[in-house]
Amino acid sequence: MLKREPYIDLVLGPQAYHKINDKILNYQNKKKKLEVTEFDAISKFEYFSKIKNQTKKISAFLTIQEGCDKFCHFCVVPFTRGPEYSRPVNQILEEAKNLVDCGSKEIILLGQNVNAYNFEKKRLANLILELEKFSGLERIRYTTSHPNDMTDDLIDVYKNSKKLMPLVHLPVQSGSNKILKLMNRKHTISSYLEIFNKLKKINSAIEFSSDFIIGYPGEDEKDFKHTLKLIEEVKFINSFSFIFSPRPGTVASDLPEIDKKKTLERLEVVQQKLFNNQINKNKSLENTTINVLVENRMDDKTKLFGRSEYMTSVLFSGSDDLIGKIVKVRIQKSNQNSLFGEIINQSNKKVA
Ligand code: SF4
């Protein structure tokens, strides 16, 4: 980039952004172009562990893992973020305690391969069970997972945890084994469905969301139909879907692309199906009462904003002292992305 674009003075990689102030000052003094793109995750997290995360957000992100060793053929993460790195357990628990002390009620554990977390044999399941003990913490989520790291110890946590939310974001990318192989995903549709069935057996209320790449090189009509079939079977309630877009340096970027028009047509069909699932799920919640974690007041000040256990936005009237609490909301209306309702007090009466 420095060679190609003369106006760039400094290239700072994602494992070095904590050095940004120093590097800019250094550039101002010495006027020497610089690139800092090494994968030094340890030094970054050591730096961050000295700073208190004071986000004060009701729902806070906490990075536990970075990088990826899986090398899916379409993805740049292993090249831009480096190998899998897991932060020490004590650093994570300290940061989590600080977040809870500052008022966070929900922690979303983050990692490019979050369920590959492994620090001295402590896995994601162990971390969740440790967080479960934090009395001020109400909800735990994690993202993003790989099906191959959805191990039985993690699946078992769904049996015992009261705080782990029943929405599993588990990217599948395609419903075709042929395409999964071409993508180097290292899992199959049957191994994916095995996880789905195990979790549904533990708790039938668990729902799934996913990521899909449509029009991956080599995808034919039959492969696409497999994707549609999988969507019908799993009934993902919320998903991200994109057309294949080649990333420089990846294996897939050298493969011949399929017809763009065809790909866009397929994307439209997939999205229609996914959106319908989302609409149907939200509609099924009308005239029911759900638990909502109240996060803040909407910018226009009229309504409170919270999230259901499935991460869906919920809007309703109420006072600011409810922010940070879990309240019961009777859902009256819904659309694709949001639920609208009114708060119910403990004795099941509407709050005026
Ligand atoms: S898609 Fe996910 S698992 Fe695959 S290489 Fe990228 S980060 Fe790793």
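View 1. His-169 stands opposite Ser-209 in S11. This is a predicted model, where local features need pLDDT of at least 70, side-chain atom pairs count only at pLDDT 80 or more, and totals for chains, interfaces and linings use all residues. Residues are numbered from 1 along each chain as its sequence is written. Strand S10 (residues 167–169) runs parallel to S11, and 3 bridges join them. Strands here are DSSP runs of E with at least two residues, helices are runs of H or I with at least four, and both are numbered from the N terminus. Two strands pair if DSSP finds at least two bridges between them.

**View 2. S11 and its other neighbour.** S11 also pairs with strand S12 (residues 238–243), again in the parallel sense, over 6 bridges. Look for Asp-211, whose bridge partner in S12 is Phe-240. S11 is largely enclosed by the rest of the structure, because 7 of its 8 residues are buried. Buried means 20 or more other C-beta atoms within 10 Å of the residue's own, exposed means 12 or fewer, and partly exposed is in between, with C-beta atoms placed from the backbone.

View 3. Ile-206 lies between helix H8 (189–202) and strand S11 (207–214). Why does Ile-206 count as partly exposed? Because it has 18 C-beta neighbours inside 10 Å. Leaving out residues up to four places away in sequence, Ile-206 touches Tyr-158, Pro-166, Val-168, Leu-199 and Lys-200; contact means C-beta atoms, placed from the backbone, within 7 Å. Leu-230 is 24 residues from Ile-206 along the chain, and their C-alpha atoms are separated by 17 Å.

View 4. Around the ligand you'll find Cys-68, Lys-70, Phe-71, Cys-72, Cys-75, Val-77, Pro-78, Gln-112, Asn-113 and His-146. The shell divides into 6 nonpolar, 3 polar and 1 charged. Nonpolar covers Ala, Val, Leu, Ile, Met, Phe, Trp, Tyr, Cys and Pro, charged covers Asp, Glu, Lys and Arg, and the others, Gly among them, are polar.

**View 5. The barrel.** Here 5 strands close into a barrel in the order S13-S14-S15-S17-S16, with mixed pairing. Strand S14 (residues 304–307) pairs with strand S15 (residues 313–316) in the antiparallel sense over 4 bridges. Within that pair, Leu-304 has Phe-316 in S15 as its bridge partner.

Note on methods. A residue is near a molecule or strand if its C-beta atom, placed from the backbone, lies within 6 Å of it. Two residues are in contact if their C-beta atoms, placed from the backbone, lie within 7 Å.
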